[in-house]
Amino acid sequence: MNELVIRQPDDWHVHLRDGAMLAAAAPFTARQCARAIVMPNLVPPVTTVADALAYRDRILAAVPAGVSFEPLMTLYLTEQTSVAQLAAAAASPYIHAVKLYPAGATTNSDRGVRDPLSIDPLLAELERSGLPLLVHGEVVDSAVDIFDREAQFIERVLKPLLARFPKLKLVMEHITTKDAVEFVLSQPDNVAATITAHHLLYNRNALLVGGVHPHYYCLPVLKRESHRQALLVAATSGHPKFFMGTDSAPHTQANKESACGCAGAFTAHAALELYAEAFDQVGQLARLEAFTSLNGPRFYGLAPNEARIKLTRRAQAVPLFIPVGESERLIPLRAGETLAWQAQLVP
Ligand code: NCD
Ligand code: ZN
């Protein structure tokens, strides 16, 4: 298959940032995706409906003229979040989910929740309203190996949490392990997962073989090949529980290429091309549309997009960098290399 036309995708997990980085990053997401679930881990985080509406306006201002893009806003759950705030979020047509970061788990998560099993009134409200809870699924425990943090989170947090709130709509974000695939499949329809393109294409060798490659450092960290294989099977199965969420997470070159480099891979410049490459690897391009464009809207209770996007098998160079403001740079995944596919909206 050298050409494929599918419904326009949505990105169900993306970091668009703010300020100069927002201006640099948002056009890439808006070029391919009709909608995107926008992560709230700004500094300070987006914790109220008013914050989210103001952020939504800043995002729309960063979308190029003539491009149609709808940011689907999320709130950042803190230990100070009230039941009333969650009820207001559920009532807002602009807020589509609430994000749970275990405190200290990832970039800008220090305002997150120390003990996700201590917020029962908030979880009860989400279960009542049906507003999805998006979970960064890693334990924060110095005794737990970084490669085991997702599997431990399932045992220590997700299983007890879902036992208490079995109807809670929950997305395990950016899953990276066979354990997570099996867990999500074992749950009823209210539990789903997003999978990134980079976790489908790379294992932890990309990060560590031949030197440290900071642009492949993200959280949850890349895992061993057997986990990548399990993710590929899940994503390409057509199963409605699995859908696209790039976790495209831009940081400046200086912040990535540093003695303590930030976690996050920028993939929004080639999101669909990278997913196409992963599906093509296992001969499952026919199932790409379900993953990128159908399963996500169904879970979120939205209609799939009517616009179509065309993928053509044609080599495409990735730029060495993307300018950010006057003097900074963003290094896209595969910088200076090529992509096998090219995506273009059908006019
Ligand atoms: C994300 C970021 O930079 O905001 N980083 C990442 O490695 N994925 C946060 C997150 O989603 O964990
Ligand atoms: Zn993320």
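Trainee: How much space lies in the largest cavity?

Mentor: This is a predicted model, in which local features need pLDDT of at least 70, side-chain atom pairs count only at pLDDT 80 or more, and totals for chains, interfaces and linings use all residues. Residues are numbered from 1 along each chain as its sequence is written, chains are lettered from A and ligands numbered from 1 in the order in which they are written, and side-chain values use heavy atoms, with hydrogens and water left out. A cavity is a set of points, on a 1 Å grid over the protein atoms alone, where a 1.4 Å probe fits but cannot get out. Taking volume as the space filled by probe spheres set on points joined across faces, edges and corners, the space in the largest cavity is about 120 Å³.

Trainee: Where does ligand 1 sit?

Mentor: A molecule sits in a cavity if more than half of its atoms lie within 2 Å of its grid points. By that test, ligand 1 is placed in the largest cavity.

Trainee: Which residues lie nearest the centre of the largest cavity?

Mentor: Lining residues have an atom within 4 Å of a grid point, and there are 17 of them here. They divide into six nonpolar, eight polar and three charged (Ala, Val, Leu, Ile, Met, Phe, Trp, Tyr, Cys and Pro count as nonpolar, Asp, Glu, Lys and Arg as charged, the others, Gly among them, as polar). Nearest the centre are His15, Thr106, Leu219, Asp247 and Ala249.

Trainee: And which residues come nearest to ligand 1 itself?

Mentor: The shell around ligand 1 has 15 residues, each with a heavy atom within 4 Å of the ligand. By class, four are nonpolar, nine polar and two charged. Coming nearest are Arg17, Asn41, Thr106, Leu219 and Asp247.

Trainee: Which residue has a side-chain N or O atom 2.7 Å from an oxygen atom of ligand 1?

Mentor: Polar contacts to the ligand are pairs of N or O atoms within 3.5 Å. Backbone atoms supply some of them: a backbone N or O atom of Ala263 is 3.1 Å from a ligand oxygen, and a polar backbone atom of Gly264 is 3.1 Å from a ligand oxygen. The side-chain atom at 2.7 Å belongs to Asn41.

Trainee: How much of the accessible area of ligand 1 does the protein cover?

Mentor: On its own, ligand 1 has 320 Å² of accessible area, from the Shrake-Rupley method with a 1.4 Å probe.

Trainee: Which residues are closest to the centre of the second largest cavity?

Mentor: That cavity contains about 60 Å³ of space. Its lining has 13 residues, divided into seven nonpolar, five polar and one charged. Closest to the centre are His215, Lys256, Gly264, Phe266 and Ile331.

Trainee: Which residue has a positive phi although it is not a glycine?

Mentor: Most residues other than glycine have a negative phi, and most peptide bonds are trans. The residue you want has a phi of about 50 degrees and lies in the loop between strand E5 (95-100) and helix H4 (120-129), helices (H or I, at least four residues) and strands (E, at least two) being DSSP runs numbered from the N terminus. The residue is Asn108.

Trainee: What is omega for the cis peptide bond from Leu219 to Pro220?

Mentor: Pro220 lies in the loop between helix H8 (205-208) and helix H9 (225-235). A cis bond also joins Val43 and Pro44, with omega about -5 degrees. For Leu219 to Pro220, omega is near -10 degrees.

Technical notes: A polar contact is a pair of N or O atoms within 3.5 Å; within protein, one must be able to donate a hydrogen and the other to accept it, and residues adjacent in sequence count only if both atoms are side-chain atoms. On a 1 Å grid over the protein atoms alone, a cavity is a set of points where a 1.4 Å probe fits but cannot get out, and a pocket is an open set with protein on both sides within 12 Å along at least five of seven lines; lining residues have an atom within 4 Å of a point.
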